[in-house]
Amino acid sequence: MQQWLAEAPANIALIKYMGKKNKDKKIPANPSLSYTLNHLRSYVSLEFSSDKHDTWELLELPGLDNNFSLSASEQQRFLGHLAFLKEQFSYRGGLVVRSVNNFPHSTGLASSASSFAALTKCALLALSELTDTPELSIEDQAKLSRHGSGSSCRSFFSPWALWDGEKVSAIDIPYDNLIHEVIIISHAPKVVSSSKAHELVETSPLYLSRIENATHNLHALLEAFRANKWADAYSICWREFQEMHALFSTSQQPFGYMTPDTHQILDRLHEEWKQTGDGPIVTMDAGPNIHLLYRSDQAEQARLFKQDVLIGNFDVL
Ligand code: DP6
């Protein structure tokens, strides 16, 4: 039986996509910038189905989480994107789609970027072969992936991706090989999904100035990186995720993800920065977990922080 397989990495945004100009096409309200997390990956396979309907199953790969599953609504969203891709090629046959991540499902880590990017890659590979159509460019693949989940379009570029409107591309930034860690503050599923958060933030009075602020933060961050001003980059990224979380807490139905543990670790990281004048870039998505990015020359600092503060208290991925 013919089978197609593809994989894609997750990414972490330092300038956040939050709010949409166009919901159906997932055109973001503001530009975003992300670092690709090549160690956190999703895998997708496709195979012909004996009936006309598409179905989802677990992809069993050696060494990967056999307990991985998608809820009924997650499956529906995944299969909806497959249907959208099939439509682009006027392909009507049924397919079995299987997927899995190499990071535990229970970590509360969003996997939509990596899984929708892997699904798009796999489906486009299969569909171009099945319909005898030339393969699409990476840029065009990323554009189609955006329709499934916006942030997935950035997972097609590494190590850095810049997404603005309909355009997404790699961007040269003089920092690569960063050390990424995510502190799992809570394993619980999110109460408000990021897709829902995109809608709710539009009711915040702060949303009016969000596009301007995010654009300003983006330019300031690119300038800081290019001038090798790591401490400035840290301050801008800190302000940026705090601004996004402020949108959540000031929307008409306020919501939030930060727990007392989140605040405790954020305070500790800030304190370390104040004392030593150096440290990791810190950021948070729409969830309680804290992402750290260290330069490769900070490996020892990363090891010590993990050993002294995190091990025994939190899972770190
Ligand atoms: C907070 O890409 O998950 O992680 O387009 O509705 O699927 P949809 O949303 P999604 O939003 C991600 C939001 C974020 C910030 C970011 O990754 O830029």
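Strand E7 (residues 160-164) and strand E8 (residues 167-170) pair in the antiparallel sense through four bridges; helices (H or I, at least four residues) and strands (E, at least two) are DSSP runs numbered from the N terminus, and two strands pair if DSSP finds at least two bridges between them. Across this pairing, Ala 161 stands opposite Ala 170 in E8. Two residues lie between the strands of the hairpin, where Gly 165 takes a positive phi near 65°. The model is predicted: local features need pLDDT of at least 70 and side-chain atom pairs count only at pLDDT 80 or more, whereas totals for chains, interfaces and linings use all residues. Residues are numbered from 1 along each chain as its sequence is written, and side-chain values use heavy atoms, with hydrogens and water left out.

The buried residues of H3 are Gln 141, Ala 142, Leu 144, Ser 145, Arg 146 and Gly 148; buried means under 20% relative accessible area, exposed over 50%, and partly exposed in between (1.4 Å probe, protein chains only). Arg 146 is also linked with Lys 25 and Glu 166 in a network of salt bridges, a salt bridge being a side-chain nitrogen of Lys or Arg within 4 Å of a carboxyl oxygen of Asp or Glu.

A further sheet is open and holds four strands in the order E10-E11-E9-E12, with antiparallel pairing. Its edge strands, each pairing on one side only, are E10 (281-283) and E12 (315-316). Five bridges join E9 (residues 179-184) to E11 (residues 290-294), and Val 182 has His 291 in E11 as its bridge partner. Helix H7 (residues 260-276) packs on the sheet and touches E9, E10 and E11, its direction making about 20° with that of E11; contact means heavy atoms within 4.5 Å, and axes are lines fitted to C-alpha atoms, for helices over the stretch in contact, with angles from 0 to 180 degrees between N-to-C directions. Within H7 lies Thr 262, which counts as buried because its relative accessibility is 0%. Beyond residues up to four places away in sequence, Thr 262 touches Ile 185, Tyr 257, Met 284, Pro 288 and Ile 290.

The largest nonpolar core has 48 residues; such a core is a set of buried Ala, Val, Leu, Ile, Met, Phe, Trp, Tyr and Cys residues joined through side-chain atoms within 4.5 Å. Helix H6 (residues 230-249) gives the most to this core, with seven residues. Among the residues with the most contacts inside the core are Trp 160, Phe 225 and Ile 290. The contacts of Phe 225 include Leu 14, Leu 33, Trp 160 and Ile 281.

By the rule given above, the salt bridges number 16. In one of them, Lys 16 pairs with Asp 285, the closest N and O atoms being 3.2 Å apart. Lys 16 lies in the loop between strand E1 (3-15) and strand E2 (20-22) and Asp 285 in the loop between E10 and E11, so the pair ties together parts that are 269 residues apart in sequence. Lys 16 is buried, at 1% relative accessibility, whereas Asp 285 is partly exposed, at 28%. Another salt bridge joins Glu 47 to Arg 98, and both residues are buried.
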